[in-house]
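Please read them with the sequence and coordinates open.

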Amino acid sequence: MIFLDHAATTPVRREALEAMWPFLSGAFGNPSSRHSLGDEAARALADARATVAAVVGCRPGDVVFTSGGTEADNLAVKGLALANPRGRHLVVSPIEHEAVLESAAYLARVHGFEVSEVAVDAGGVVEPSALARVIRPDTALVSVQLANNEIGTVQPIARLAEVAHAAGALMHSDAVQAAGWLPLSLAGLGVDALSLAGHKVGAPKGTGALIVRGRLPIEPVLHGGGQERGRRSGTENVAGAVAFATALRLAEAERADAAARVGALGAELAARVGATVPGARSTGDAEHRLPGTVSFVFPGTSGEAVLLELEADGIICSSGSACAAGSDEPSHVLTAIGVPAELAQTAVRFTLGATTTEREVADAAASIARAVSAVRAIVET
């Protein structure tokens, strides 16, 4: 099997499993309990928080552990907008993850917010000038991904944050796909909040964090006992937090080398497919994109049919985001960048990871050419 779906999830690192095991066995205490087992769990949670803070460049108290990226996005968009009522206007890009788009839609539906979508270009990039045209004096929050989960486009977040802050709005960025590939410095990005997910960097699913700058007020999405400094109630997943912190630390330590190596492999895959598959069209920005993301539309095919052909050949990839469960609609990301709906349904996404090899890229490229040719032959008959 050749696994080229790392944007959907990554294998769990052995180091993360080993780090979390003690807190699934002997050290099973509740970190809020005032006894030795609870104290041990509380210390582990504090250490994990400090590790994440060191990677992101924030104070440990700015780290809110969550159940993953979706919860972190929900907490950021709903929590920041409701707790900082400068106005009831939000700005998002049309290619955001569903967790951001649906959170914004909830605020519009239930709390009377108005949501504006900032335009993206054909590569999916949000230009600062485009943001400046839609931001308003009553804009409470701007939310734009650091890197897109389908086409890999990387946004000029620091420049977008400058525009947001100049207008008095807060800036949130979903950095779930960027972790392990791009720098995550809170100061360097200039954002007020940053969402992260553990299973994209080698931690188990169901782990993640929202980084919230300083003492910025945030309305909880989960109410209860006031854990996480009142921002996310519920007994903390100590083992998950430890695994997430371990995986994030390792991913950051390996980031520069991994990005260079995987970037070269991604370029090789794109070149091979472009040379051997007639009509193949790459999607996303050609220059500003994640190293391991290679996405195509293949005219004259069905993306799902190509996936089935590839899986039969031992190639695991996807037709887009794994988070739009059961959807057979064309990708909202592709249609937002101007890809016609019919063509968008021919999309296939290949996302490489740290374990991907040169041989796997060569074998995958050959399989892609065969799969597309086979599907086109069926469609044409």
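1. Strand 6 and strand 7. In strand 7, A193 is the bridge partner of H172. Strand 7 covers residues 193–197, and three bridges join it to strand 6 in a parallel arrangement. Two strands are said to pair if DSSP finds at least two bridges between them. Helices (H or I, at least four residues) and strands (E, at least two) are DSSP runs, numbered from the N terminus.

2. Basis of the notes. This is a predicted model, in which local features need pLDDT of at least 70 and side-chain atom pairs count only at pLDDT 80 or more, while totals for chains, interfaces and linings use all residues. Residues are numbered from 1 along each chain as its sequence is written, and side-chain values use heavy atoms, with hydrogens and water left out.

3. Strand 5 and the crossover. On strand 5 (residues 139–143), V142 stands opposite M171 of strand 6. These two strands pair in the parallel sense over three bridges. From strand 5 the chain passes through helix 6 (residues 157–166) to strand 6, a β-α-β crossover that is right-handed. The term applies if, with the strands pointing away from the viewer, the path from the first strand over the helix to the second runs clockwise.

4. Burial of strand 6. Which residues of strand 6 point one way, and which the other? L170, H172 and D174 point one way, M171 and S173 the other way, and all are buried. Buried means under 20% relative accessible area, exposed over 50%, and partly exposed in between (1.4 Å probe, protein chains only). In a regular strand the side chains alternate between the two faces of the sheet. Since five of the five residues of strand 6 (170–174) are buried, the strand is largely enclosed by the rest of the structure.

5. Three strands form an open sheet in the order 9-10-12, with antiparallel pairing. Strand 9 (281–282) and strand 12 (347–351) are at the edges with a single partner strand each, so one side of each is left without a neighbour in the sheet. Strand 10 (residues 293–297) pairs with strand 12 over five bridges. The bridge partner of V297 in strand 12 is A347.

6. The structure holds one aromatic pair. F296 and F298 form this pair, which is stacked, at 5.6 Å centre to centre with 15° between the planes. Rings of Phe, Tyr and Trp (its six-membered ring) pair if their centres lie within 6.5 Å; planes under 30 degrees apart count as stacked, over 60 as edge-to-face and the rest as tilted. Both F296 and F298 are buried. Elsewhere, the charged end of K78 sits over the ring of Y106, 4.6 Å from its centre; the criterion is NZ of Lys or CZ of Arg within 6 Å of the ring centre and within 35 degrees of the ring normal.

7. E71 belongs to helix 3 (residues 69–83) and R232 to the loop between strand 8 (208–212) and helix 8 (238–276), so the pair ties together parts that are 161 residues apart in sequence. E71 and R232 are buried.

8. Other salt bridges. R136 and E114 form a salt bridge with closest N and O atoms 3.1 Å apart. R136 lies in the loop between helix 5 (128–134) and strand 5, and E114 in strand 4 (residues 114–117), 22 residues apart. R136 is partly exposed at 26% relative accessibility, and E114 is partly exposed at 41%. In helix 8, R255 and E252 are three residues apart, or about one helical turn, and their side chains meet in a salt bridge (3.0 Å, N to O). R255 is buried at 17%, whereas E252 is partly exposed at 26%. Salt bridges with shared partners also join E114, R136 and D138 into one network.

9. Overall form. The chain has twelve helices and twelve strands. Buried residues make up 56% of its 381 residues.

Notes:
Salt bridge = Lys/Arg side-chain N within 4 Å of Asp/Glu carboxyl O.
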